[in-house]
Amino acid sequence: MPGCPYCGADNPPGADFCSLCLARLSAPVAGAGSMVQADTTPLPTGRPPAVPPASATPASPAAPSYVSPADFHAVAREANAGGRVAAGGKAVAHGGRVTDARTLAAAPLPRALSRRSTTDIVLLVLKNSLLVFVLLFVASFCISLFLVGAIFSGSESGFYIGLGLQFAAEALLIIWGGYRTSMEAMERNRGWMYGVGCVAGVVFFWQPLVAFILSLFLTGRPILPQTFSLVGIMVVILLLLPLGALGGWLAEKRYMG
């Protein structure tokens, strides 16, 4: 059984690619029509032998670049899910599908994507933070109905269950918002920053803006939310921002390694 020159794994005879690291084991074989047979017919004395033209000999194709197993599995998994290949064999948003190891092994990996502009970053953070804000509002409204029912029914356990659901929903949505923002940004070593930016957009932009508009419309004077109190700021710094950073970091590790 031939051994792979890259990883040393044994492979069945005649295999074109290594079954472990997917490296090419043999160079592509030219078609039968491209082979030139030497003329062995004896020639008359004094006549020079015929020399085939140089263009008749096919040039050997360049060997494809080696693709590591981690790059192959990451690209195949993400591209089949709808991703575009980025630096290092990772994926970021593309419509093609990778179904053949030969195709991937023969294709060079593209260069890294250019960094996003400041405008793109701001729009991305505002978009995802608005989505998280809306989901938080819907979840809080539904849980508030549950809490009101528990209060009127005199169920103390139901009240504490509602509070637990409120905290759990808020934490999960904050982590999800950081994860989604970092996943769409796809910038190495900046995932946690996008997660923090998403949380900051929810807490310091959308919540004050909506509170200002509603209070001005209902009472005629602006009212800031409780987030800007000392306790609210401590909760944001010690709890919400770390949760957003965690979501962004998880997305970076998931999609960029």
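**Figure 1. The whole chain.** Buried here means under 20% relative accessible area, exposed means over 50%, and partly exposed lies in between (1.4 Å probe, protein chains only). What you see is a predicted model, in which local features need pLDDT of at least 70 and side-chain atom pairs count only at pLDDT 80 or more, while totals for chains, interfaces and linings use all residues. Residues are numbered from 1 along each chain as its sequence is written, and side-chain values use heavy atoms, with hydrogens and water left out. The secondary structure comes to 6 helices and 0 strands, running α-α-α-α-α-α from the N terminus on; helices (H or I, at least four residues) and strands (E, at least two) are DSSP runs, numbered from the N terminus. The accessible surface is about 16,300 Å², and 68% of that belongs to carbon and sulfur atoms; areas come from the Shrake-Rupley method with a 1.4 Å probe, and for residues only the protein chains shown count as cover. Taking a contact as heavy atoms within 4.5 Å, 55% of the contacts between residues at least 6 apart in sequence join residues at least 24 apart.

**Figure 2. The largest nonpolar core.** A nonpolar core is a set of buried Ala, Val, Leu, Ile, Met, Phe, Trp, Tyr and Cys residues joined through side-chain atoms within 4.5 Å. The largest one in this model has 18 residues, and those with the most contacts inside it are Val132, Leu136, Ile174, Val199 and Leu240. Four helices each supply at least two of its residues: α3 (118-153), α4 (156-185), α5 (191-218) and α6 (230-256). Helix α3 gives the largest share, 6 residues. Zoom in on Leu136: leaving aside neighbours within four places in sequence, Leu136 is in contact with Ala169, Glu170, Leu173, Ile174 and Val202. Elsewhere, a second, separate core of 5 residues includes Cys4, Ala9, Cys18 and Ala23.

**Figure 3. Phe205 and its surroundings.** Phe205 sits in helix α5. With a relative accessible area of 37%, Phe205 is partly exposed. Once neighbours within four places in sequence are set aside, the residues in contact with Phe205 are Leu126 and Ala200. Ser129 is 76 residues away from Phe205 along the chain, yet their C-alpha atoms are separated by 8.9 Å.

**Figure 4. A nonpolar patch on the surface.** Trp192, Met193, Leu246, Trp249 and Leu250 form this patch, with about 480 Å² of accessible area together. Patches are made of residues with over 30% relative accessible area and no salt bridge; like charges are joined within 9 Å, and nonpolar side chains (Val, Leu, Ile, Met, Phe, Trp, Tyr) within 5 Å. The elements giving two or more residues to the patch are α5 and α6, and the largest share, 3 residues, comes from α6. One of the members to look for is Leu250, found in helix α6; Leu250 counts as partly exposed because its relative accessible area is 35%.

**Figure 5. Gln166 and Ser140.** Gln166 belongs to helix α4 and is buried, at 18% relative accessible area. Its side chain joins that of Ser140 through a polar contact of 3.1 Å. Such a contact is a pair of N or O atoms within 3.5 Å; within protein, one must be able to donate a hydrogen and the other to accept it, and residues adjacent in sequence count only if both atoms are side-chain atoms. Not counting residues up to four places away in sequence, Gln166 touches Ser140 and Ile143.

**Figure 6. Salt bridges.** A salt bridge is a side-chain nitrogen of Lys or Arg within 4 Å of a carboxyl oxygen of Asp or Glu, and the whole structure holds 3 of them. In one, Glu184 pairs with Lys127, with the closest N and O atoms 2.9 Å apart. This pair links distant parts of the chain, as Glu184 is in helix α4 and Lys127 in helix α3, 57 residues apart. Both are partly exposed, Glu184 at 22% and Lys127 at 44% relative accessibility. Glu184 also meets Arg180 in a salt bridge (3.4 Å, N to O); these two are about one helical turn apart because they lie 4 residues from each other in helix α4. Arg190 and Glu187 form another, their closest N and O atoms being 3.4 Å apart. Arg190 is partly exposed at 31%, whereas Glu187 is buried at 7%. Through shared partners, salt bridges join Lys127, Arg180 and Glu184 into one network.
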